[in-house]
Amino acid sequence: MIISGAAGFFISAIAAEVYSTYSQDDLLNSVATVLTGFAVSNVAFAILFHVDNKYMYIDESTGKIDFKNLKQVLKKLMVGWLVFEIVNNSSRFIILYQLFTRDVDPFDASILSSLSASGLSYLSINLMLRRSGLFQTGNKTDFYLKK
C-alpha cells in the first residue's frame with residue numbers, strides 16, 4: 001500500500017504542476033490531480049497485491065485459482081479499499097481545492113493534501129479494521145497463515 005501510495009503521490013504532484021501551466025481553474029486542477037493519483041495508486045496496488053498475495057488464492061498443489069478463497073480475499077479487500085478511498089479522495093480533494101484557492105504552489109498543495117489525506121485514510125482504515133476484526137486470522141481465514 002505504501003509503494004502504490006507513493007507512486008500516486010509523486011505522479012499526482014507532477015500532474016498538479018503540469019496542469020497548472022495549462023489552466024488556472026482550481027476546481028479542474030483539483031479533480032485532475034486527485035484522479036491521476038487515484039488511477040496510478042490503484043493500478044500499482046492491484047499489481048503489487050497480486051504479486052505479493054497470490055498464495056492466498058492459488059492452490060499450491062494444482063497451481064489453479066481457488067475461487068472460494070479468491071472470493072473471500074476480494075470481499076475483504078473491497079471493504080478496506082472502499083473505506084480508504086472514500087476518506088482519502090474526498091479529504092484530499094477538499095484540502096487541495098482549499099490550498100489552490102489560497103494560491104499555494106500546485107506542487108506544494110498536492111504534497112500537503114496527499115500527506116494530510118493519507119494520514120486521515122490510514123487512521124480511518126486502521127480504526128475500522130481494528131473494530132470490525134475484518135482481517136483477523138481465524139478458522140475462516142487460515143489461508144492468511146499459509147506460505
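A pocket is an open set of grid points, where a 1.4 Å probe fits, with protein on both sides within 12 Å along at least five of seven lines, and its lining residues have an atom within 4 Å of a point. In this predicted model, the largest pocket holds about 590 Å³ of space and is lined by 30 residues, of which Met 1, Gly 5, Phe 84, Glu 85 and Tyr 122 lie nearest its centre. The elements that contribute two or more residues to this lining are helix 1, helix 2, helix 3 (67-101) and helix 4 (106-132), and helix 3 gives the most, with eight residues. By class, the lining of the largest pocket comprises 15 nonpolar, 13 polar and two charged residues.

Helix 1 (residues 2-22) and helix 2 (residues 26-53) pack with their axes 8 Å apart and at an angle of about 155 degrees; because angles over 145 degrees count as roughly antiparallel, the two helices are described as roughly antiparallel to each other. Helix 1 passes helix 2 in a right-handed crossing. In their contact, residues of helix 1, among them Ile 3, Gly 8, Ile 11 and Tyr 19, meet residues of helix 2 that include Leu 28, Gly 37, Val 40 and Leu 48. The residues of this contact divide into 12 nonpolar and 10 polar, with no charged residues.

Methods: Residues numbered from 1 in each chain as written. Predicted model: local features only at pLDDT ≥ 70, side-chain atom pairs only at ≥ 80, totals over all residues. Heavy atoms only, no water. Axes fitted to C-alpha atoms, helices over the stretch in contact; angles between N-to-C directions. Helix = DSSP H or I, 4+ residues; strand = E, 2+ residues; numbered from the N terminus. Parallel < 35°, antiparallel > 145°, perpendicular 65-115°, else oblique. Left-handed = near helix turned anticlockwise from the far one by under 90°. Contact = heavy atoms within 4.5 Å. Nonpolar A, V, L, I, M, F, W, Y, C, P; charged D, E, K, R; others polar. 1 Å grid on protein atoms, 1.4 Å probe; cavity = no way out; pocket = protein on both sides within 12 Å on 5 of 7 lines; lining within 4 Å. Points joined across faces, edges and corners; volume = space filled by probe spheres on them.
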